[in-house]
There are 2 protein chains.
Amino acid sequence: MMENLNFDTTIAVEIERIREKRRSKERDLLINEIPLTIFVNEREYVTLFCSPRKLDYLAVGFLHLAGLLPSKDDLEEIKVDEAKGLVFVRMKVPVGKKEMPSPNSPVILGKGWEALYLEAPSARVFKTLPGRKRRAEFSQPESSLQVKAEELFQLMAALLNASSLFKATGGVHSVALALPHEILFFSEDVGRHNAVDKVAGECMLSNIIFHDKILLSSGRVSSEIVVKADKLGLPLIASRAAPTSLSVELAQKMGITLVGFVRGSRLNIYTHAQRVVL
Amino acid sequence: MMENLNFDTTIAVEIERIREKRRSKERDLLINEIPLTIFVNEREYVTLFCSPRKLDYLAVGFLHLAGLLPSKDDLEEIKVDEAKGLVFVRMKVPVGKKEMPSPNSPVILGKGWEALYLEAPSARVFKTLPGRKRRAEFSQPESSLQVKAEELFQLMAALLNASSLFKATGGVHSVALALPHEILFFSEDVGRHNAVDKVAGECMLSNIIFHDKILLSSGRVSSEIVVKADKLGLPLIASRAAPTSLSVELAQKMGITLVGFVRGSRLNIYTHAQRVVL
């Protein structure tokens with residue numbers, strides 16, 4: 001009685017709709033969400049709930065950002081079993097059980113780490129560092145990126161335009177990696193983190209460098225998104241929505257330009273404003 | 001050099017705003033996000049990124065839903081160190097290291113578990129069950145709850161009205177536990193899960209029963225929210241936003257009524273529609 005997963009990005013269902021005191025049965029589209037289990041060298045590592053697209057990129061990006069897969073060169077093979085929602089990642093070097101960090105540990109690392117360690121009030125967050133020894137693997141060259149406000153407006157319009165799922169169902173987050181004048185990689189997912197991981201994975205497999213690129217997001221910028229951008233070496237995050245205080249604090253310390261509420265011809269620059277010009 | 005955490009719910013910052021090709025320095029409000037580390041019997045358990053309110057409820061609700069704290073009677077003491085962002089939970093019975101489930105494991109359990117186990121395509125999700133033996137601790141009496149559509153419209157309006165943070169900053173999720181005619185418990189947080197955990201914790205400490213109550217949410221309904229509702233024994237979830245396919249599938253199997261897009265005088269009923277009447 002094992003059903004296979006449905007890999008459409010949306011699923012049609014029968015619903016009952018109440019509208020102005022009238023009740024009717026109608027057809028509606030749901031955003032599809034599936035459980036994806038990632039195996040590393042045959043060992044079960046983590047299960048993510050995600051949209052059923054670009055599962056290989058999601059697995060690779062997730063493992064890269066968890067510090068387990070430093071580069072494309074460390075990858076031996078990826079196999080995706082779409083029907084069962086499984087991804088098997090084989091690395092060139094065996095990974096000991098102790099080396100595998102807990103996949104969901106909130107870990108702050110990156111170039112701002114020393115500062116964070118000293119200043120963070122809840123230092124524990126910054127001390128429990130399974131990925132600490134891997135810091136050097138994330139390269140963080142200085143960025144000379146500059147982008148015009150007008151370019152950010154156009155990029156955000158292009159991001160929202162590319163997001164077909166959102167239009168259909170109202171339930172996904174869109175993320176893109178962009179140059180000032182164009183979107184290079186795009187993903188959408190029920191989870192904001194998954195969308196970032198998918199873009200990170202696709203870029204890593206294409207040997208893309210990050211230090212002259214922009215991370216665009218349709219959703220809110222939480223601290224964990226900033227940490228991911230820092231790990232990748234991205235100099236600028238632009239979101240249609242709000243950042244949190246911790247994301248602004250981290251972006252400030254990590255040297256990342258954080259732009260929020262990019263809507264129409266307006267935007268807010270929270271940190272390192274010099275990278276955005278009129 | 002250890003700074004204390006700022007426990008205001010919002011933080012004023014200087015930003016640069018670009019609007020219609022004009023650039024200005026302005027003051028803006030950010031939603032405050034802090035790292036909170038939860039200790040169980042002196043052992044560090046998990047760090048959550050959250051809004052700095054109701055931290056005791058968040059810790060208790062999180063541990064309850066993780067299966068570690070079955071009821072108020074199992075609780076010896078809660079101490080909150082607000083300045084450092086730490087919560088110390090002491091239980092009456094010692095907890096062995098092996099008994100502590102990984103705090104972030106995606107675990108599906110509850111009354112629908114057997115069915116899920118049989119039917120779930122990625123059965124692994126439903127097999128890795130640190131909390132499995134604790135199933136019986138979540139009581140799931142049959143619910144005879146019925147709510148009028150008009151009551152749901154009013155509850156959702158009240159939820160959004162109560163959400164002062166969202167109005168100020170545009171960056172939080174609101175959750176409430178309600179009876180058809182009134183909201184009983186309310187919380188808001190940068191994280192949807194935290195908001196649910198806070199309400200769960202506050203209710204548990206007040207010995208509230210769930211099987212005649214409604215879970216209201218301003219945000220999207222993902223599978224994990226449905227799992228939490230199932231663990232608590234909640235018969236109805238009503239959201240202003242969209243559910244995912246997996247949340248609808250689980251709600252169907254778990255006997256939970258799932259209502260989405262509650263806006264103005266409209267709503268969509270995805271599962272077990274009999275609990276919503278005109």
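This note goes through the predicted model point by point, from chain A as a whole to its aromatic pairs and then to individual helices.

1. Overall make-up. Chain A contains eight helices and 14 strands, and of its 278 residues 59% count as buried. Among the contacts in chain A with a separation of 6 or more, those between residues 24 or more positions apart account for 51%. The chain exposes about 11,300 Å², and carbon and sulfur atoms supply 49% of that area.

2. The aromatic pair in chain A. A search of the whole structure, over all chains, finds four aromatic pairs. One of them joins Phe39(A) and Phe88(A), whose ring centres are 4.9 Å apart and whose planes meet at 25°, so the pair is stacked, given that planes under 30 degrees apart count as such. Phe39(A) belongs to strand E3 (residues 34-40) of chain A and Phe88(A) to strand E6 (residues 86-91) of chain A, and the pair therefore links distant parts of the chain, 49 residues apart.

3. The aromatic pair in chain B. Phe39(B) and Phe88(B) also form a stacked aromatic pair, with 4.9 Å from centre to centre and 25° between the planes. Because Phe39(B) lies in strand E3 (residues 34-40) of chain B and Phe88(B) in strand E6 (residues 86-91) of chain B, the pair ties together parts that are 49 residues apart in sequence. Phe39(B) counts as buried at 6% relative accessibility, while Phe88(B) is partly exposed, with a relative accessible area of 30%.

4. Helix H1 of chain A. This helix, residues 55-65, has nine of its eleven residues buried, so it is largely enclosed by the rest of the structure. The buried residues of H1(A) are Leu55(A), Leu58(A), Ala59(A), Val60(A), Gly61(A), Phe62(A), Leu63(A), His64(A) and Leu65(A). What covers them includes E3, E4, strand E5 (75-81) and E6, together with helix H6 (192-205) and helix H7 (223-232), of chain A. Just after H1(A) comes Gly67(A), which takes a positive phi of about 85°.

5. How H1 meets H6 in chain A. The axes of H1(A) and H6(A) come within 6 Å and cross at roughly 90°, and the two helices are therefore roughly perpendicular to each other. On the H1(A) side the contact is made by Tyr57(A), Leu58(A), Val60(A), Gly61(A), Phe62(A), His64(A) and Leu65(A). On the H6(A) side the residues taking part are Asn194(A), Asp197(A), Lys198(A), Ala200(A), Gly201(A), Glu202(A), Met204(A) and Leu205(A).

6. Helix H7 of chain B. H7(B) is mostly covered, with nine of its ten residues buried. Those residues are Ser223(B), Ile225(B), Val226(B), Val227(B), Lys228(B), Ala229(B), Asp230(B), Lys231(B) and Leu232(B). The cover over the buried residues of H7(B) includes strand E4 (43-50) of chain A, and from chain B it includes helix H1 (55-65), helix H6 (192-205), strand E10 (214-217), strand E11 (236-239) and H8. H7(B) is followed by Gly233(B), whose phi is positive, near 90°.

7. How H7 meets H8 in chain B. The axes of helix H7 (residues 223-232) and helix H8 (residues 245-254) of chain B come within 8 Å and cross at roughly 20°. H7(B) and H8(B) are therefore roughly parallel to each other, and H7(B) passes H8(B) in a right-handed crossing. The contact is made by Ser223(B), Val226(B), Val227(B) and Asp230(B) of H7(B) and by Leu246(B), Ser247(B), Leu250(B), Ala251(B) and Met254(B) of H8(B). An α-helix has 3.6 residues a turn, so residues three or four places apart point the same way.

8. A cysteine in chain B. Cys203(B) is found in helix H6 of chain B, and it is buried, with a relative accessible area of 0%. When residues up to four places away in sequence are not counted, Cys203(B) touches Leu177(B), Phe185(B), Ile208(B) and Phe210(B). The C-alpha atoms of Cys203(B) and Glu76(B), which are 127 residues apart along the chain, are separated by 17 Å.

Conventions
Residues are numbered from 1 along each chain as its sequence is written. Chains are lettered from A and ligands numbered from 1 in the order in which they are written. This is a predicted model: local features need pLDDT of at least 70, side-chain atom pairs count only at pLDDT 80 or more; totals for chains, interfaces and linings use all residues. Side-chain values use heavy atoms; hydrogens and water are left out. Helices (H or I, at least four residues) and strands (E, at least two) are DSSP runs, numbered from the N terminus. Buried means under 20% relative accessible area, exposed over 50%, partly exposed in between (1.4 Å probe, protein chains only). Contact means heavy atoms within 4.5 Å. Accessible areas come from the Shrake-Rupley method with a 1.4 Å probe; for residues, only the protein chains shown count as cover. Rings of Phe, Tyr and Trp (its six-membered ring) pair if their centres lie within 6.5 Å; planes under 30 degrees apart count as stacked, over 60 as edge-to-face and the rest as tilted. Axes are lines fitted to C-alpha atoms, for helices over the stretch in contact, and angles run from 0 to 180 degrees between N-to-C directions. Angles under 35 degrees count as roughly parallel, over 145 as roughly antiparallel, 65 to 115 as roughly perpendicular and the rest as oblique. A crossing is left-handed if the near helix is turned anticlockwise from the far one by less than a right angle, and right-handed if clockwise.
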